[in-house]
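This report describes selected features of the structure shown below.

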Amino acid sequence: MSFAIKKQGEIVVVDVEGQLIVGNRQELKQRVLDELEKGERRFLIDFSQTGYIDSSGLGVLVSLSKKIREQGGELRLANLNDDLKTLFELTKLDTLFQISDTKERALETF
Amino acid sequence: MSSPLPFAPGRVHIALELEIPSDVRYIERVVEIVARQCAQFAYPQRQTCLNIPVALSEALSNAILRGNGDRSDKYVQVKVDVTQDRLILEVLDEGLGFNFEECLQDPTEPDNIEREDGRGLFLMTRLMDRIERFSNHGNVIRMTLRRHD
């Protein structure tokens, strides 16, 4: 499990490779907060290479979204597979995030 | 030399016991082992990629962080019992236990939706068919999942 962060235009794109769970959620949180601290405001997390997400992973997404909004920015999500979509629907987090089917679509409309 | 018998899911029952130190880095490995056993019985992908990994991760992180207080000198035991029709998982920690119903909240309520925590027990109840909690020289959570094709 690892995270790759790169800049596409004005948007910071984070790839989550593997699981987003209690063992690595702090690393994701810190890396995104570091970018926020540097002045970045638009973030896209790409889940195309993600297996599963547990409640602490979901919690970190909620917390990051809140912190980014407080700084006048936005966190969006892309490429959730059907299982991950179900997870977001069960927890109603699909109502909290703007979720795109593809990274390209998310980048176009950000 | 006789050839090995083919895997006959209807007649096979797999029982495993694992013991891990209280360290969240072990969770992913335990989940992999259990999901692989269920995949052998051709459980549907939804169950091996969503229900089982997420519910088991939640039970293990509760056991490690809450039950055992994240203390590395304590252990968590996992019992796995899988057949063609159902999976039973028991996760045992060294803690005193808790009242499942009292701790269970609805994270989808407007007041809770932006909270960072509080989704673990809720997900376990949504992703498993049955959750039981009892004490047996420690705190045990038993989760049952029927195979849904």
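## The largest pocket

Helix α2(B) is the leading contributor to the lining of the largest pocket, to which it gives eight residues. The model is a predicted one, and the volume of this pocket is computed as about 610 Å³. Its lining comprises 31 residues. Those nearest the centre of the pocket are A:Ser55, B:Ser61, B:Asn62, B:Arg66 and B:Gly120.

Both chains take part in the lining: two or more residues come from each of α2 (55–70) of chain A and, in chain B, α2 (45–67), β3, α4 (120–127) and β5 (139–146). Sorted by class, the lining residues of the largest pocket are eleven nonpolar, eleven polar and nine charged.

## The helix pair α2(B) and α4(B)

Two of the elements that line the pocket, α2(B) and α4(B), also pack against each other, at an angle of about 145 degrees and with 9 Å between their axes. Their crossing is left-handed. On the side of α2(B), the contact is formed by B:Leu50, B:Asn51, B:Val54, B:Ala55, B:Glu58, B:Ala59 and B:Asn62. Helix α4(B) contributes B:Gly120, B:Leu121, B:Leu123, B:Met124 and B:Leu127.

The class count for this contact is eight nonpolar, three polar and one charged residues. B:Asn62 and B:Gly120 belong to the helix contact and are also among the residues nearest the centre of the largest pocket.

## The sheet of chain B

Chain B contains an open sheet of five strands, arranged in the order β1-β2-β3-β5-β4 with antiparallel pairing. Strands β1 (14–21) and β4 (130–135) of chain B form the edges; each has a single partner strand, so one side of each has no neighbour in the sheet. On average, neighbouring strands of this sheet are turned by 15 degrees against each other, direction ignored.

Within the sheet, β2 (residues 75–82) and β3 (residues 86–93) of chain B run antiparallel and are joined by six bridges. In this pair, B:Val80 is placed opposite B:Leu89 of β3(B). Helix α1 (residues 27–40) of chain B lies across β1, β2 and β3 of the chain, and its direction makes an angle of about 175 degrees with β1(B).

How many cavities of 30 Å³ or more does a search of the whole structure find? The search finds one. The volume of the largest cavity is about 50 Å³. Its lining consists of B:Gln77, B:Lys79, B:Glu90, B:Leu92, B:Asn136 and B:Val140.

By class, the lining of the largest cavity holds two nonpolar, two polar and two charged residues.

## Positive phi values

Most residues other than glycine have a negative phi. Against that background, A:Asn79 has a positive phi, near 65 degrees. A:Asn79 is located in the loop that connects β5 (74–78) with α3 (82–90) of chain A.

A positive value is also found at B:Ala42, with phi near 60 degrees. B:Ala42 is part of the loop between α1 and α2 of chain B.

How values were computed: Residues numbered from 1 in each chain as written. Chains lettered and ligands numbered in written order. Predicted model: local features only at pLDDT ≥ 70, side-chain atom pairs only at ≥ 80, totals over all residues. Heavy atoms only, no water. Pairing = 2+ DSSP bridges. Helix = DSSP H or I, 4+ residues; strand = E, 2+ residues; numbered from the N terminus. Axes fitted to C-alpha atoms, helices over the stretch in contact; angles between N-to-C directions. Contact = heavy atoms within 4.5 Å. 1 Å grid on protein atoms, 1.4 Å probe; cavity = no way out; pocket = protein on both sides within 12 Å on 5 of 7 lines; lining within 4 Å. Points joined across faces, edges and corners; volume = space filled by probe spheres on them. Nonpolar A, V, L, I, M, F, W, Y, C, P; charged D, E, K, R; others polar. Left-handed = near helix turned anticlockwise from the far one by under 90°.
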